[in-house]
Amino acid sequence: MGDILVIAETYEGKLKKATLSSIAFAGELAAKAGAGFNVAVLGKDIGDAANEVAAYGAKTVYTVDDPALENYVAGTWARVVADLADQTGADYVAATTSTFGRDILPRVAARLNAGMVSDVQAIVGDAAPLKYKRPMWAGNVIGTVEVKTAKAVFSVRGTDFDAAAPAGGTSPIQAGGVTATDDGKVRYAGFAATISARPELTEADVVVAGGRGLKDQEGFDGIMNPLADHFGAAIGATRAVVDAGLAPNDLQVGQTGKVVAPNLYIAVALSGAIQHLAGMKNSKVIVAINKDEEAPIFSVADYGLVADAFKAVPAFLELVKKG
Ligand SMILES: Cc1cc2nc3c(=O)[nH]c(=O)nc-3n(C[C@H](O)[C@H](O)[C@H](O)COP(=O)(O)OP(=O)(O)OC[C@H]3O[C@@H](n4cnc5c(N)ncnc54)[C@H](O)[C@@H]3O)c2cc1C
């Protein structure tokens with residue numbers, strides 16, 4: 001079979017850590033399928049990102065450095081990736097499941113006439129025909145699927161593939177030889193980045209997440225901010241909290257929010273609905289604080305505290321302050 005092409009994810013010319021999970025997947029798939037993997041870096045002035053990603057064992061890092069790719073526009077980028085896959089003889093294309101991966105990969109699959117496996121959690125088997133595990137129905141069922149088309153596209157769950165480690169050595173970096181064409185259908189208008197001093201939700205070591213039990217803005221901020229400050233944590237929220245306008249949409253954890261697997265997840269005053277669990281149950285250690293001992297969050301928690309969060313969290317912070 002042909003090689004695997006990993007699409008690197010970058011932000012402001014820098015490689016995003018999320019890319020390393022799809023590289024780990026590609027390395028495993030390449031070993032099992034008897035192929036190699038290459039990495040595609042797209043954008044404008046992407047030399048630094050290409051140099052960085054060259055440390056992870058790709059046969060070649062292909063760059064498409066083009067002013068037309070300065071800003072991400074799904075259709076334009078997908079065309080470039082599909083052309084690059086054709087040009088480099090790639091049968092498989094992969095990226096990490098993220099807002100970027102979710103947006104671009106189905107378009108690439110359509111262009112390549114390829115089957116797609118979303119949210120790959122594991123590769124099943126050691127040689128072709130390989131199968132892939134993926135969550136279905138909010139993670140309550142793990143499906144095993146096989147791709148029947150000659151080409152395939154994968155989005156890779158970052159929470160299930162540990163970041164690739166540097167492979168020793170440096171991959172050659174080569175211009176991809178494809179150009180970006182603007183079909184004129186979509187125009188880039190602007191990007192409103194959320195500026196936060198806290199770590200990014202999907203990359204944080206510790207996530208503290210608050211639920212509807214925190215009642216209002218004062219309750220949510222008053223409990224979550226000091227807790228997050230103490231741990232240097234990212235703040236997450238349930239959909240109920242987001243719908244109530246207490247936290248922005250990009251902090252939602254769950255089936256229709258972000259999927260996270262930090263070393264420590266502290267769930268405060270949230271019930272643990274299946275749609276929420278779908279986004280955090282792979283966390284390494286889960287601590288739950290809820291005043292209802294029957295709350296489903298306790299079924300996935302490693303440590304549970306049945307208590308009123310408005311009393312327990314300040315008491316905890318007071319204790320740690322005293323050392
Ligand atoms: C298609 C679909 C997709 C969805 N996607 C998501 C998703 O991505 N993410 C998500 O989170 N939800 C999602 N939901 C919503 C989900 O079903 C739940 O409604 C939501 O997660 C509940 O949020 P909550 O736990 O904050 O609120 P509740 O379920 O109301 O729970 C509040 C909890 O706080 C506790 N509590 C109250 N006061 C206190 C206190 N003082 N101290 C301690 N504990 C207290 C209560 O005992 C209760 O357990 C989705 C739903 C659907 C239908």
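A pocket here is an open set of points on a 1 Å grid over the protein atoms alone, where a 1.4 Å probe fits, with protein on both sides within 12 Å along at least five of seven lines; lining residues have an atom within 4 Å of a point. You are looking at a predicted model, in which local features need pLDDT of at least 70, side-chain atom pairs count only at pLDDT 80 or more, and totals for chains, interfaces and linings use all residues. Residues are numbered from 1 along each chain as its sequence is written, and side-chain values use heavy atoms, with hydrogens and water left out.

Now zoom in on some backbone atoms. A nitrogen atom of the ligand is 2.8 Å from a backbone N or O atom of Ala309. For Lys291, a backbone N or O atom lies 3.2 Å from a ligand nitrogen atom. At Gln255, a polar backbone atom is 3.1 Å from an oxygen atom of the ligand.

Colour the pocket lining next. Helices H6, H7 and H8 each supply at least two of its residues; helices are DSSP runs (H or I, at least four residues), as are strands (E, at least two), numbered from the N terminus. The space in this second largest pocket is about 520 Å³. Among the 24 lining residues, those closest to its centre are Arg212, Thr238, Ala269, Leu270 and Ser271.

Two backbone stops remain. Go to Pro129, in the loop between strand E8 (122-124) and strand E9 (131-136). Is the peptide bond from Ala128 to Pro129 cis or trans? That bond is cis, with omega near 0°. Finally, select Glu12, in the loop between strand E2 (10-11) and strand E3 (14-15). Its phi is near 50°, a positive value in a residue other than glycine. Most residues other than glycine have a negative phi, and most peptide bonds are trans.

Notes:
Polar contact = N/O pair within 3.5 Å; in protein donor to acceptor, adjacent residues only side chain to side chain. Points joined across faces, edges and corners; volume = space filled by probe spheres on them.
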